[in-house]
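Reader: I am new to this structure. Please show me how to read its features one at a time.

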Amino acid sequence: MRRQVLLFLSVLGLGCVLGQVSYSVPEEMAKGSVVGNIAHDLGLDLKRLKSGKARVYTGGSVEYIGLNKERGVLFIQERIDREALCGEKTPCALHFQLILENPMELFRVTVEITDINDNTPTFTNADKRFEISESAVIGSKFILEKAIDSDIGINGLQQYSLGPTDNFVLKSEKPAGGSNKVEMVLQKPLDREKQEHITLLLTAIDGGEPQMSGTMRIFVNVLDANDNAPTFAKPLYRAKILENSPKGTSVTTVSASDKDIGMYGEVSYLISSERLLSELFNINSKTGAIILIGEIDYEKANKYEIDIEAVDSGGLSDSTKVIVDVVDINDNNPHINIVSKSESVSEDSPPNTVIAMLSVNDPDSENNGDVECNIHGDIPFKIQTTSNGFYTLVTEVDLDREIASQYNITVTCSDEGVPSLSSSVTLTLQISDVNDNAPVFERSSYEANIVENNTPGLSVFTVKARDADWNQNARVSYILEDSSVNGVPVSSYVSVSADSGVIHAVRSFDYEQIKDFHFRVKAQDGGSPPLSSNVTVKVLIQDQNDNPPQVLYPVQTGGSLVAELVPRSADVGYLVTKVVAVDVDSGQNAWLSYKLQKATDRALFEVGLQNGEIRTIRQVTDKDAVKQRLTVIVEDNGQPSRSATVIVNVAVADSFPEVLSEFTDFTQDKEYNDNLTFYLVLALAVVSFLFITCLVVITSVKIYRWRQSRLMYHSNLPVIPYYPPRYSDTLGTGTLQHVYNYEVCRTTDSRKSDCKFGGVGSQNVLIMDPSSTGTMQRIQSEKSILDEPDSPLEVGKL
């Protein structure tokens, strides 16, 4: 058996078709027979065939040819019968593609199937009968049935032989545009009296090796007296008919005439006995009209040759040929095959990345078979033509998964027929993510509040960042950036949960120590490399009422007793003293109010609710007790409120002796009882000296004050409340508006000589020591805050 191989390669400039190779093999080769070394012929490495998942693509037809990737050869996979595959069509070839992936490559392969002499010439009928008049003239022709040989070329039907040749000879000729016509020609007149029945043998012989043949027996009955044969008007008729024409469509009409008259001049028409033609066409035996009785398809056969025979009643006949051309109509939609496609593509793929390869075929002809493919919708893809009905789907621009994570790509292929027919196919493509988006916080900055004295580990706030990426690239972790607050690492103040972004307090905060602080939190995704962003979080400490008020004045001492001196001549509203208190809390927790809780005489004194000033509410009389004890409670405005109490001793008297007489019953230490006599003598001497001195001072002060008060009374000037000296603004709480300064001086041995000098801001301050019988009064007056020269305040020293 002979095999021919033809190889040629070409580099194409379009698409991904890289080359073409052709082979030639005879039909009927055994399965497994090698067609050719495709790897060698295309210059491919065997490893490339394996890594590229090389495969043969035939577009849905039978895969006659297989690929052995281990050897790189093409082999016969299915039995090939050229006659079944192509019929009379020449040349007969298989066209398929070799597909490689990673990267995607396409090679066209053509395998031509050559014919071998495997078919015997055969006749449709084993016998042929003629009735021929003895008057048939020499040269009369009798059409014989043609033999059929499926082989082609030299293996096809080559010649006929007829025997014996006493009366008839064989004539075979090929008219223009047709196939061989076989005729039996009368070369010697017939004589019914000598031989009424003649038997002939027609043999059809092909040209193959070995030579094969077929026979048909011819029986001739000799009739009497019909000496004219029918004659067709034209030796060849041509007609056109549209494919898919309905049954009953008229194809054409043939006509033959016979010069005889009577029964010998009656002509009948018939179609040759070829089975396929007799199933498609029928001829009216009387009129010669040829009618379509079957279904014709241009894609199966584009031309039919019909042999028509005209026979008269005497058995004489003539023949003609009718060639019917089938006209193509656009009755086939383009057929789309997905040769190869990618299920997903990375969003950072460059433009012109191949997504899929399509094979499009339309079996129609000319414009009806010309196909153009397009993509529906405004999507970032385009389709490119390669060659021979192959198209590639590629990316047109850069992709972004965050805009679209999936595309349904609909490809529509339309032919150019009228009307146009089309087919569509939809490809689903997933866009895989790359880490190209950093986390973004929901806010540009955060502010959180936490009440002081919180429990360590308390959840303060939650920061939230979102990442437009997907999966691991969008998994956000939160990190507390290193920084310091007042020299202390911020990690000792707060912590952040890496997964949830919840910020926890590490310690308990004290508003009085720190009011606020800020830090930065970083959000980082799980991509490689990771991307991150930062945000600032400010934490405000909210005050809690955790500090009671603190009384600054009057000072509560453990030994000496401080008494405020109120003259009996004091009018209503006389400022006795001012309770000064502060609260280190803030806001309403530091708003202080003053209330008189207990008093020796409640009808004599009142306390300002907001300023803590103790004033008389009526005129002081002689009946009022000298010793007055007031208990003032200071409360803040917190919830719940906190408070502090202070005891204010007030002496209602115009002279020190009167004061001393009332205050001598103060509690004295037991340890001084043994020295009582000594102290009495010493006190008497001191008091005598002090009395004389103080009497002069008090008298001068009283006269001066009386004169000043009379002047102010007659001038109708507004009463300016008196504040203790050095009374200045502090903390801005509105409660304690001034600083209150005082001094205390003691001797080294307070047990023996406990003499104290207190500098306070009221007009008269009496400092009493329970351990002594003497009393010292210090009057201190400073300039008025208004700096008026006639201020009622005087300066006195002792």
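Author: We go from the whole chain to single residues. Keep in mind that this is a predicted model.

Reader: How many helices and strands does the chain have?

Author: The chain has 7 helices and 55 strands.

Reader: What share of the residues counts as buried?

Author: The chain has 798 residues, and 43% of them count as buried. Take the contacts in the chain with a separation of 6 or more: 66% of them join residues 24 or more positions apart.

Reader: Let us turn to charges. How many salt bridges does the structure hold?

Author: The general idea comes first. Side chains of opposite charge can pair when their charged atoms come close. A search of the whole structure finds 23 salt bridges. One of them joins Glu105 and Arg48, at 2.8 Å from N to O.

Reader: Which parts of the chain does that pair tie together?

Author: Glu105 lies in strand S7 and Arg48 in helix H2, so the pair ties together parts that are 57 residues apart in sequence. Glu105 and Arg48 are both buried.

Reader: Are Arg82 and Glu83 buried or exposed?

Author: Arg82 has a relative accessible area of 1%, so Arg82 is buried. Glu83 has 13%, so Glu83 is buried as well.

Reader: What about Lys341?

Author: Lys341 forms a salt bridge with Glu343, with the closest N and O atoms 4.0 Å apart. Lys341 counts as partly exposed because its relative accessibility is 37%.

Reader: Which residues are linked in a network of salt bridges?

Author: Lys146, Glu305, Asp307 and Lys321 form such a network.

Reader: Now a charge without a partner. What is the nearest side chain of opposite charge to Glu347?

Author: That side chain is Arg401, 4.9 Å away. Glu347 is buried yet has no salt bridge. The cut-off for a salt bridge is 4 Å. Glu347 sits in the loop between strands S25 and S26.

Reader: What lies 2.8 Å from a polar atom of the Glu347 side chain?

Author: The backbone nitrogen of Arg401 does. Residues up to four places away in sequence aside, Glu347 touches several others, including Leu399, Asp400, Ile431 and Val434.

Reader: Where is Ser423 placed?

Author: Ser423 is in strand S31, residues 422-432. Its relative accessibility is 17%, so Ser423 counts as buried. A polar atom of the Ser423 side chain lies 2.5 Å from the backbone oxygen of Pro334. Beyond its neighbours within four places in sequence, Ser423 contacts Pro334, among others Asn333, Val411 and Cys413.

Reader: On to rings. How many aromatic pairs does the structure hold?

Author: A pair of aromatic rings is described by the distance of the centres and the angle of the planes. The structure holds 13 aromatic pairs. Phe441 and Tyr446 form one that is edge-to-face. Their centres are 6.3 Å apart, with 75 degrees between the planes. Both Phe441 and Tyr446 are buried.

Reader: Which residues form one aromatic cluster?

Author: Tyr493, Phe509, Phe517 and Phe519 form it.

Reader: Which ring does the charged end of Arg129 sit over?

Author: It sits over the ring of Phe219, 4.5 Å from the ring centre. Elsewhere, Lys515 lies over the face of Tyr511, 4.7 Å from the ring centre.

Reader: What is phi of Asn352, and what is phi of Asn486?

Author: Phi of Asn352 is near 75 degrees, a positive value in a residue other than glycine. Asn352 is in the loop between S25 and S26. Its relative accessible area is 45%, so Asn352 is partly exposed. Phi of Asn486 is also positive, near 55 degrees. Asn486 is in the loop between strands S37 and S38. With a relative accessible area of 64%, Asn486 is exposed.

Note on methods
Residues numbered from 1 in each chain as written. Predicted model: local features only at pLDDT ≥ 70, side-chain atom pairs only at ≥ 80, totals over all residues. Heavy atoms only, no water. Helix = DSSP H or I, 4+ residues; strand = E, 2+ residues; numbered from the N terminus. Buried < 20%, exposed > 50% of the residue type's maximum accessible area, 1.4 Å probe, protein only. Lys, Arg positive; Asp, Glu negative; His and termini not counted. Polar contact = N/O pair within 3.5 Å; in protein donor to acceptor, adjacent residues only side chain to side chain. Contact = heavy atoms within 4.5 Å. Phe/Tyr/Trp six-rings, centres within 6.5 Å; stacked < 30°, edge-to-face > 60°. Lys NZ or Arg CZ within 6 Å of the ring centre and 35° of its normal.
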